[in-house]
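Subject: Structure for you to look at

Hello,

Here is the structure we talked about. Please open it first, then read my notes below.

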2 protein chains.
Amino acid sequence: MALLSPSRRLRRTPFSDGVEAAGVKAYTIYNHMLLPTVFRSVQEDYHHLKSAVQIWDVSCERQVELRGPDAGRLMQMLTPRDLRKMQVGQCFYVPIVDETGGMLNDPVAVKVTEDRWWISIADSDLLYWVKAIAHGWRLDVLVDEPDISPLGIQGPKAEELMARVFGDSIKGVGFFRFGWFEFQGRDLLIARSGYSKQGGFEIYVEGSDIGMPLWNALMEAGKDLDVHAGCPNLIERIEGGLLSYGNDMTDDNTPHECGLGRFCDTQTAIGCIGRDALLRVAKEGPIQQVRAIAIDGDAVPACDRWWPILAKGKKVGQVTSAAWSPDFNTNVSIGMVRMTHWDADTAIQVQTPDGLRDAAVYEKFWI
Amino acid sequence: MALLSPSRRLRRTPFSDGVEAAGVKAYTIYNHMLLPTVFRSVQEDYHHLKSAVQIWDVSCERQVELRGPDAGRLMQMLTPRDLRKMQVGQCFYVPIVDETGGMLNDPVAVKVTEDRWWISIADSDLLYWVKAIAHGWRLDVLVDEPDISPLGIQGPKAEELMARVFGDSIKGVGFFRFGWFEFQGRDLLIARSGYSKQGGFEIYVEGSDIGMPLWNALMEAGKDLDVHAGCPNLIERIEGGLLSYGNDMTDDNTPHECGLGRFCDTQTAIGCIGRDALLRVAKEGPIQQVRAIAIDGDAVPACDRWWPILAKGKKVGQVTSAAWSPDFNTNVSIGMVRMTHWDADTAIQVQTPDGLRDAAVYEKFWI
């Protein structure tokens, strides 16, 4: 692995001191911010995530805040998902598209109040898009990046740990719903959500000053639960089919290509920018789509560029994320495959850096 | 230094194979792309840059292309710099501001033809801002990120090397002007510009396929000039007062605070978004501004967060970039200083990670 040169531009987080003390081994950069990728090893972190509980510094999930009378209207302009029935207290995974239907981001929208929304973003400066749309359409809304840094609590013992710090009422929070919970006199929005399939919560830590006190309180309360600093895990997120913006999709792709058609209510999402373009796709369907792909052979190297998917020597797609899975004893991967070859069990080949490998399209992701 | 985990999201460039073969030691991430930071060592690279010629993979300076009848109008909406007298063939350094006058980026605008512009961007997704402004204002313009990857040729021997590959006519290209030059049957836009004070060129390499052939041709032609792979050098750019977006300024800052008031023709830049806010600043002046600051003592550690600037124990600013300068035998740095303390020779103190240091505000940058 290459070294990463430090600079202020690669922003630290309210939890960076804790992350360093926990022995972080590597980072990626996400929204101009440090995101840990390895603590003990990707495999050790993986087994631990599936068996215990981890604290994740996901501050890089920056928030775009919409406030004001037009906040709801603006939010609907950004996404083809119909938001009319969304209640305060809910979180929705929302594809965000440009006027051509190309994916700009795949965040979680949080309806804080009727006229206040947070968009918890993936890796692109969605703030610039939203601010300019609000400006160009002369909407009555303030758009900002507030001082909010999400902290993920993930793993099978996450609920137990959270109950110890925030009380048993946390157990009543439903999936992709949130409540308000007190910590050191501060009310924090906590949602049952997160970038793993192991269950858990995301704490929207408002105010950098309470970052480390909260980190320490969780570490202290979870000692006997084997709590450990962790991070989104490459293996686990591929097994679970959790897409990564910039890896598995870009602004070249429509939500339908990304398998996110179920989040596109193109008929009813009135006002959505890009709706015209997507109506066409919704009718005819995409000609390529994201698929789970198992790649034969030993552990593949790091997927730092797309790998061609071949059938009879012809390119029929590309793999964009891949890792060896200890639990499924194969290389799990995510790729975009043309419709001619996207059916389950289709035999394909993947051009990896160390040679051509046999591979197969899977019906579903692994977990 | 920490390790950087590879992924497709941290995009490789058309020159990455050459960069790796040249023994790159570290990277930063810039516009979701790999930007080398060290080859031999920051100090060795620095001395070499000032004495020979280097080839820089600055593909991360992505281009935002504006094409169509409203391209010029849109370009003027983005910046307070008056573009009316700008000719085809010129490059302008342009602050880009939001509706409050906050800096969104500090790119170089290239007027390719009357209705075609390239914006060679610093580290933020300016594409999102520009696309949404074009959309919201219903402008007749196409906005895209084309397949263009700038390659920098920097150092005192840059002109000699360029003449060998592109012919002597390259010597006629003026500072911040460009011409078209042929390489392997392809016409490439080449400007006399770059992120150093040592002189040189930027080749706008259109078409990834000719990236490595061009890289190799330049390496081959420059053997006896001691050509070497290089990159923007932290020490040299601070000595020269070259600001870095995300380090030395953010969207919290106006161009005037960044010392870019001379690029703000706020009276005449009709149509500029943010003009109203900046008129106020232009009249009253900023209350803090970027300054060159020399920090006493041994070499400072890496500046990975802002360091408080103190006077009589009170915060009067912050240092945002710093490095030991072998040529000036001091720590050179860039900081934002309040007007009460920004005069030359003002004695201040800087709170570095290894203690409080005496420091002084300088009249000008070092080179």
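Just after H4(A), Arg138(A) has a positive phi of about 50°. Chain B repeats this: Arg138(B) follows H4(B), and its phi is positive too, near 50°. Keep in mind that this is a predicted model.

Helix H4 itself

H4(A) is mostly covered, with 10 of its 11 residues buried. The buried set runs Leu126(A), Leu127(A), Tyr128(A), Trp129(A), Val130(A), Lys131(A), Ala132(A), Ile133(A), Ala134(A) and His135(A). Note that Lys131(A) is among them. In chain B, helix H4 covers residues 126-136. There, too, 10 of 11 residues are buried. Leu126(B), Trp129(B), Lys131(B) and His135(B) are among the buried residues of H4(B).

What does H4(A) pack on? It lies on a sheet, where it touches S5, S10 and S11 of chain A. The direction of H4(A) makes about 165° with that of S11(A).

The five-stranded sheet

That sheet is open and antiparallel, in the order S6-S9-S10-S5-S11 (chain A). Strand S6 (91-93) and strand S11 (142-144) of chain A stand at the edges. Each has a single partner strand, so one side of each is left without a neighbour in the sheet. From one strand to the next, the twist averages 20°.

Within the sheet, strand S5 (residues 63-67) and strand S10 (residues 116-120) of chain A run antiparallel and are joined by five bridges. Leu66(A) sits opposite Trp117(A) in S10(A). Helix H3 (residues 71-78) of chain A also packs on the sheet. H3 touches S5, strand S9 (108-113) and S10 of chain A, and its direction makes about 135° with that of S5(A).

The two chains

How do the copies relate? Chain A can be laid on chain B with an RMSD of 0.0 Å, by a turn of 180° and a shift of 0.0 Å along the axis. That is the relation of a two-fold axis.

The contact takes 44 residues from chain A and 44 residues from chain B. Which element gives the largest share on the side of chain A? H4(A) does, with eight residues. Strand S1 (2-4), strand S2 (26-30), strand S3 (33-38) and helix H4 (126-136) of chain A each supply at least two residues. By class, this side of chain A has 21 nonpolar, 12 polar and 11 charged residues. The copies meet through the same surface, because 100% of the interface residues of chain A are also interface residues in chain B.

Strands pair across the contact as well. S2(A) and strand S1 (residues 2-4) of chain B pair in the parallel sense over two bridges. The bridge partner of Ala26(A) in S1(B) is Leu3(B).

Strand S15 (residues 200-206) of chain A is mostly covered: six of its seven residues are buried. S15(A) pairs with strand S12 (residues 148-154) of chain A, antiparallel, over seven bridges. Ile153(A) has Phe201(A) in S15(A) as its bridge partner. S15(A) is also joined to strand S14 (residues 186-191) of chain A by three bridges, again antiparallel. Leu189(A) stands opposite Tyr204(A) in S15(A).

Trp307

Trp307(A) is in strand S18 (residues 307-311) of chain A. Is Trp307(A) buried or exposed? It counts as buried because it has 24 C-beta neighbours inside 10 Å, and the cut-off is 20 or more. Beyond its neighbours within four places in sequence, Trp307(A) is in contact with Gln318(A), Val319(A), Val350(A), Gln351(A) and Thr352(A). Ala322(A) is 15 residues away from Trp307(A) along the chain, and their C-alpha atoms are separated by 9.7 Å.

Chain A overall

Chain A has eight helices and 22 strands. Its radius of gyration is 21 Å, which agrees with the value near 21 Å for a compact globule of 367 residues. The C-alpha atoms fill a box of roughly 65 × 50 × 40 Å along the principal axes. Buried residues make up 55% of the 367 residues in chain A. Of the contacts in chain A with a separation of 6 or more, 66% are between residues 24 or more positions apart.

Best wishes

How values were computed. Residues are numbered from 1 along each chain as its sequence is written. Chains are lettered from A and ligands numbered from 1 in the order in which they are written. This is a predicted model: local features need pLDDT of at least 70, side-chain atom pairs count only at pLDDT 80 or more; totals for chains, interfaces and linings use all residues. Helices (H or I, at least four residues) and strands (E, at least two) are DSSP runs, numbered from the N terminus. The radius of gyration is taken over C-alpha atoms; the globule rule is 2.2 Å times the number of residues to the power 0.38. A residue is buried if 20 or more other C-beta atoms lie within 10 Å of its own, exposed if 12 or fewer, and partly exposed in between; C-beta atoms are placed from the backbone. Two residues are in contact if their C-beta atoms, placed from the backbone, lie within 7 Å. Copies are superposed by least squares on the C-alpha atoms of residues with pLDDT of at least 70 in both. Ala, Val, Leu, Ile, Met, Phe, Trp, Tyr, Cys and Pro count as nonpolar, Asp, Glu, Lys and Arg as charged, and the others, Gly among them, as polar. Two strands pair if DSSP finds at least two bridges between them. Axes are lines fitted to C-alpha atoms, for helices over the stretch in contact, and angles run from 0 to 180 degrees between N-to-C directions.
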